[in-house]
Amino acid sequence: MPLLGGIFVKGGLMSVYVYCIKENYRYQSSLIGHEFENDWVKLAPDGAVTVKGAYSKGYAWDGCSPKFKIKDVYIGVPEAVLNFGTGQSKTYYASLIHDVFYQFSKEIRPFIKRKQVDREFYAILKRDGFRFASLYYFFVRIFGWIWWYRK
């Protein structure tokens with residue numbers, strides 16, 4: 001994904017990124033029995049997912065999609081309030097895992113279904129105490145195919 005000073009090109013569209021991690025993040029998923037690795041993410045057969053934030057200048061994503069930027073304001077799906085346990089938004093980790101799998105959906109589609117990735121998103125939202133988890137999951141299930149099956 002080419003970075004252009006706070007904007008990344010995704011599927012030919014210009015999108016903003018809201019977050020950037022510069023350390024690796026590990027998450028234990030239920031995506032067991034599959035293996036995938038590239039510069040940005042590793043999925044181990046035991047379901048362990050590592051987002052490689054320490055690679056290059058860090059891994060950037062746009063949080064809960066869609067969003068666009070007008071000057072210094074992001075317009076789009078709201079991020080959640082602060083999770084005092086993690087120090088991040090309650091949607092932060094769910095959107096991180098969801099976005100990294102959607103970004104590389106073309107490569108993982110042969111062995112992981114979109115519904116499985118969407119369920120991980122929902123599970124993390126629930127884990128992090130987001131009260132609108134069901135609503136966000138509902139919209140991801142309805143509209144997620146637009147990004148999952150992009151060229």
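Which residues does His 98 touch, not counting residues up to four places away in sequence? Select His 98 together with Val 117, Asp 118, Phe 121 and Val 140, the residues that His 98 touches under that condition; contact means heavy atoms within 4.5 Å.

The structure is a predicted model, in which local features need pLDDT of at least 70 and side-chain atom pairs count only at pLDDT 80 or more, while totals for chains, interfaces and linings use all residues. Residues are numbered from 1 along each chain as its sequence is written, and side-chain values use heavy atoms, with hydrogens and water left out.

Next, display helix H1, residues 92–103, where His 98 is found. Helices (H or I, at least four residues) and strands (E, at least two) are DSSP runs, numbered from the N terminus. His 98 has a relative accessibility of 7% and therefore counts as buried (under 20% relative accessible area, with exposed over 50% and partly exposed in between; 1.4 Å probe, protein chains only).

Turn now to the aromatic rings. The whole structure holds 14 aromatic pairs, a pair being rings of Phe, Tyr or Trp (its six-membered ring) with centres within 6.5 Å; planes under 30 degrees apart count as stacked, over 60 as edge-to-face and the rest as tilted. Select Tyr 59 and Trp 61, a stacked pair with 6.0 Å centre to centre and 20° between the planes. Tyr 59 is buried at 2%, and Trp 61 is buried at 1%.

Finally, select the cluster linked by ring pairs: Tyr 19, Tyr 25, Trp 40, Tyr 55, Tyr 59, Trp 61, Tyr 92 and Tyr 93.
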